[in-house]
Structure formats: C-alpha cells, structure tokens
Amino acid sequence: MGIETAFLGEVLADDQIATGADALREHSTDWGTEDGVEPAVVVYPKSTDDVSAVLAAATDRGIPVTPYAAGTSLEGNPVPIDGGISMNMTRMDDVLAVRPADLQLDVEPGVMGPAIEEAAGEHGLFFPPLPSSGSISTIGGMIANAASGMQTVKYGEVADWVRELEVVLADGSVITVGTKAVKTSSGYNLRDVIIGSEGTLGVVTRATLELAGRPQQIRGGRALFSTLGDAAAAVTDVVQSGVDVAKVELIDSASAMMSNAYTGADLPDVPMVFLEFHANHGIDDEIAYCESVLSVHDPLEFELADEETMDTLWRARRDLAFAVRSWNLDLQPLVPGDITVPISEYGPTIEYIKSLEQEHDLLMPCFGHAGDGNVHYTVLVDPTDPEEVKRGEDAYAAIVDYALSVGGTATGEHGIGLGKREYLEREHGETAVALMQRLKDAFDPNGTLNPGKIFPRDDDWQRADPTDYQE
Ligand SMILES: Cc1cc2nc3c(=O)[nH]c(=O)nc-3n(C[C@H](O)[C@H](O)[C@H](O)COP(=O)(O)OP(=O)(O)OC[C@H]3O[C@@H](n4cnc5c(N)ncnc54)[C@H](O)[C@@H]3O)c2cc1C
C-alpha cells in the first residue's frame with residue numbers, strides 16, 4: 001500500500017506522476033553508496049506553479065518531498081529515506097534567457113552543463129565553475145550541493161557564480177533571493193543559505209548565473225614526479241607562488257593504473273599533476289613561470305600537450321570516479337572521500353592518507369582538485385571481510401578528523417547528504433549545528449523537505465516505513 005496520491009492528480013497531469021517499479025527504484029539511489037528507500041511516487045514538475053502546488057499539498061498532508069535531479073550525488077543527498085514523494089526536476093530544463101550585456105544567464109534548475117555551455121558559448125562566454133560531472137548533472141543539483149570543479153582554483157565555486165534564485169518553500173510560497181546586481185549588502189544573505197542546503201530548505205525553480213568571457217589562450221600540460229610527496233609539494237608551491245593556473249589536478253599512481261584499465265589511457269605509473277592555463281595574452285610567460293616553480297620539486301618531466309592529447313588526459317581525469325569503482329568488483333568503495341584543507345596543509349594531508357593506507361593495509365587511490373586543497377580518496381574494502389571494512393572505516397574517519405584538525409572541511413563539494421552526517425557537529429560544533437537546525441525549522445517547520453539529510457537523527461537506522469504516510 002502506498003501513500004494517498006490522489007491529490008497529485010488534482011495538481012499535475014497524468015504524465016507527470018509515476019509509480020512504476022523502474023521509476024521508484026531509480027529514485028531510491030544516487031551515484032554514492034548510501035542506501036535509501038523507494039519513494040511512493042515520483043512527480044515531474046514542469047513549472048514553478050507545479051512545484052508550489054505539490055509542495056503545499058504534500059506539506060499539508062505531512063508527506064516528505066525529496067528533490068531529485070540527475071542523481072549524480074555521492075552522499076545519498078537526493079535519496080529518500082522516509083519514502084514519500086521524489087520530485088524529479090529534470091523536466092524544468094529550459095534556458096530562459098542569455099543576457100550577454102550583463103554577462104548573465106537565466107535557467108531552470110534541470111538545465112545541465114552542456115546546455116549552459118552552448119547558450120553561453122554562442123556569446124563568447126562560459127560558466128567557469130562546472131564540476132567534473134557537469135555534463136551529467138543539473139544546475140539545480142550543483143547549487144543544492146554547493147558544487148565546484150576543476151577550474152575552482154582560478155574562478156571559484158558554483159556559489160560564487162550564482163546571482164539570484166527563485167525558490168519554492170515547503171508551504172508552496174515562492175521567494176526570490178539574491179539579486180541580479182553584482183553585489184548587495186541588503187539584509188541577510190538567504191541566497192547563500194539556500195546554496196548547499198541539499199533540497200532541505202526549498203526547491204530552486206530558477207537561477208540567474210554569472211558568466212565569464214572565454215579566454216583567448218588555453219594551454220594544458222602535465223608534470224610527472226617520482227614521489228607523491230614531490231607532486232603534492234609542487235602543487236602547493238604553484239598555488240603559493242601565485243602562478244595564474246586554471247586547473248591543477250593531482251593523480252596518484254594507483255589512480256593512474258585504474259584509469260588505464262578503465263579508459264585505455266596510457267598514463268605512466270607515477271604520480272602526476274595535470275595543469276591548464278587561461279589567459280588573454282602572455283600565456284607563455286605564465287607557463288615558463290610555472291615550469292620554474294615545478295622544477296624545484298624535481299619533476300621527471302613537464303610537458304605541454306596539444307589540444308587533442310589534453311582532451312584525452314582530461315577525459316581520463318574526469319572518468320577517475322568510474323575507473324576506481326570498476327577497478328575490482330570484489331572490492332567496494334566506502335563513501336567517496338572529499339576533504340579539503342588549506343593549501344599549506346596539502347602535502348602533509350596526502351602524506352597522512354598514504355601512511356594510513358600502509359598502516360591499515362588497504363587500497364586507497366587519491367586524486368582531486370589539488371589547487372583547492374581538495375582530495376578525493378576512495379577506501380576500497382572487501383565487503384565480505386568485516387575486519388577489513390572496520391579498518392577501512394577507521395582510516396576514513398581518521399582522514400576526516402585530520403582534515404578538520406588542520407582547519408579543513410569534511411566535504412569540499414559533495415555535501416553532507418547521508419554519508420557525512422556524523423561529521424557535521426565535529427566540524428561546526430554543537431551551537432552552530434543547533435542554529436542550523438533552527439534555520440531548517442524556520443524554512444520547513446513540518447520537516448517534510450528532504451528529511452533525514454545533513455542532520456544526524458536518532459532513528460537513522462529505524463527508517464520509517466514509506467507506507468506510513470496516510471492522509
Ligand atoms: C563522476 C562524478 C564526478 C563528480 N565530480 C564532481 C565535481 O567535480 N565537483 C562536485 O562538486 N561534485 C561532483 N560530483 C557530485 C555531483 O555530480 C554534484 O554534486 C552534482 O552537482 C549533483 O547534481 P545532480 O543534478 O546530479 O543532483 P542530484 O544528485 O539529483 O541532487 C543533488 C542534491 O540537490 C537536491 N536538488 C536537486 N535539484 C534541486 C532543486 N531544483 N532545488 C533544490 N534542491 C535540489 C537534491 O535533493 C539533492 O540533495 C561528481 C559525481 C560523479 C558521479
């Protein structure tokens with residue numbers, strides 16, 4: 001028996017409501033390893049009015065609503081754990097307006113990276129902070145997860161490129177937060193409260209994004225190192241020396257090996273750093289400066305590559321998440337690690353991770369947006385060996401604690417979702433988390449928007465029966 005869904009038929013057309021087994025199953029998972037439950041029903045709004053009508057009616061009935069976009073989250077962020085309604089935002093996928101005179105773009109939340117790039121590109125513009133998953137994820141999901149990407153080292157995060165949002169609250173009311181102006185000091189900044197709120201405070205139905213002029217010169221290359229320590233030290237030095245670099249990605253030798261197996265890339269079996277430079281003039285001088293900084297760290301090789309070769313290298317880097325996952329199907333990845341530390345702590349953090357890998361006798365490939373101090377580490381464990389799983393979990397938690405101890409964060413870009421709830425209070429402290437909870441209560445007094453996410457709760461492992469919600 002499911003929830004009473006007849007009310008949905010009063011606000012949506014039949015083709016906007018799905019209860020088939022495939023749709024329910026699809027909306028009970030994301031790209032991560034956290035378990036959810038199937039929703040009772042999936043709805044596909046096509047407009048702000050649809051979102052508003054569903055939320056108002058669901059909230060009245062105490063039915064949970066979990067926004068779902070492309071489902072590429074890695075922490076269970078869009079996965080319902082209390083059943084109810086999964087609100088799939090991907091049919092709201094129109095580019096509403098490009099306004100090149102203001103370097104801005106208005107989009108619906110289900111628009112994905114390629115559509116943004118195409119609309120902006122027609123005007124010689126681009127949206128710099130797209131995540132590596134930009135081609136398969138939506139702007140609504142990026143905003144809700146406070147995503148960032150390979151170019152964040154130069155251009156900042158998605159949050160830095162969002163100007164204004166239309167948001168539907170749990171009771172169905174519609175608000176606009178932020179402004180189309182480049183700056184504002186008007187009142188509390190609710191836009192930045194919504195960004196990163198993982199669909200727990202409201203549903204984004206329109207976004208105004210800032211765009212940048214496409215650089216005239218783009219060059220890429222890679223540096224190879226004999227040790228991971230040298231590679232990490234080189235990254236730190238590049239950032240600290242003020243090299244104007246647009247991407248700095250670190251890949252350890254285990255990740256390189258997995259990438260070769262998955263993509264057929266021919267990466268050497270050594271730690272490496274991929275770099276990209278953007279400029280309108282003088283790019284060769286900047287690259288020469290970068291090379292001089294790298295040379296201090298004894299690179300085995302620093303090589304610029306042509307566009308085609310760089311495309312292959314970046315594809316290999318983008319596919320690393322898939323490569324690590326499919327490396328050995330007998331091993332299961334724990335929640336993908338996503339710590340980010342101040343850049344001066346990058347080398348010691350990588351060293352610490354690798355020391356734990358040895359100490360706990362585990363396989364823990366590392367890669368990441370190194371220029372931001374970000375490390376994606378994956379702890380691979382044999383799920384049939386409880387002792388190994390425990391060692392893996394201990395190593396994972398120790399790495400997060402280490403990052404927090406040096407002033408970093410448990411999650412640089414994937415969000416808390418389900419997977420990192422235990423670290424929320426460790427990172428922010430009891431008083432700050434209590435204040436976050438009061439914000440949640442103010443936005444969503446009935447607690448029906450994406451319940452169970454971000455905040456740990458007592459009944460985590462006694463999840464509600466999704467059939468409990470009756471009118
Ligand atoms: C291979 C791979 C690489 C990745 N690389 C990166 C990376 O480089 N950087 C990075 O930051 N992340 C990365 N991710 C994580 C993920 O892709 C991003 O967080 C992405 O932005 C999620 O978007 P989505 O459309 O898939 O949203 P979903 O996963 O469907 O949802 C994400 C969250 O947003 C909420 N939500 C969705 N739509 C709305 C809306 N309209 N209003 C309010 N809430 C909403 C959901 O409830 C959920 O909490 C990667 C993932 C994969 C699988």
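The legends below describe close-up views of a predicted model.

Two conventions apply throughout. Residues are numbered from 1 along each chain as its sequence is written. In this predicted model, local features need pLDDT of at least 70 and side-chain atom pairs count only at pLDDT 80 or more, while totals for chains, interfaces and linings use all residues.

**View 1. Domains of the protein chain.** The domain assignment gives domain 1 (6-90), domain 2 (95-213) and domain 3 (215-323); such bounds come from an automatic or database domain assignment. The centres of domain 1 and domain 3, taken over C-alpha atoms, are separated by 41 Å.

**View 2. The largest nonpolar core.** This core has 60 residues, and those with the most contacts inside it are Val 235 and Val 273. Helix H8 (residues 228-240) gives the most to this core, with 8 residues. A nonpolar core is a set of buried Ala, Val, Leu, Ile, Met, Phe, Trp, Tyr and Cys residues joined through C-beta atoms within 7 Å. A residue is buried if 20 or more other C-beta atoms lie within 10 Å of its own, exposed if 12 or fewer, and partly exposed in between, with C-beta atoms placed from the backbone. Helices (H or I, at least four residues) and strands (E, at least two) are DSSP runs, numbered from the N terminus. Leaving aside neighbours within four places in sequence, Val 235 is in contact with Val 248, Leu 250, Val 273, Tyr 346, Ala 370 and Gly 371; contact requires C-beta atoms, placed from the backbone, within 7 Å. A second, separate core of 57 residues includes Val 98, Leu 130, Met 142 and Leu 169.

**View 3. Helix H8 and its surroundings.** H8 is mostly covered, with 10 of its 13 residues buried. Among them are Leu 228, Asp 230, Val 235 and Thr 236. The buried residues of H8 pack against several elements, including H6, strand S12 (217-224) and helix H13 (346-359). The end C-alpha atoms of H8 are 18 Å apart, which agrees with the 18 Å that its 13 residues should span at 1.5 Å a residue; the expected span is 1.5 Å times one less than the number of residues. Just after H8, Gly 242 takes a positive phi of about 75°.

**View 4. The shell around the ligand.** Of the 36 residues around the ligand, Pro 131, Gly 140, Gly 141, Ala 144 and Gly 199 come nearest; a residue is near if its C-beta atom, placed from the backbone, lies within 6 Å. Strand S3 (65-68), helix H5 (139-144) and strand S10 (203-210) are the elements that give two or more residues to this shell, and H5 gives the most, with 4 residues. Domain 1 and domain 2 each supply at least three residues.

View 5. Ala 146 is in the loop between H5 and helix H6 (152-155). Its phi is positive, about 50°, although Ala 146 is not a glycine. Ala 146 counts as buried because it has 21 C-beta neighbours inside 10 Å.

**View 6. Helix H16 and Asn 450.** Helix H16 (residues 430-443) is hardly covered, the count of buried residues among its 14 residues being 1. Asn 450, in the segment after H16, counts as buried because it has 30 C-beta neighbours inside 10 Å. Asn 450 has a positive phi of about 40° although it is not a glycine.

Key: Two residues are in contact if their C-beta atoms, placed from the backbone, lie within 7 Å.
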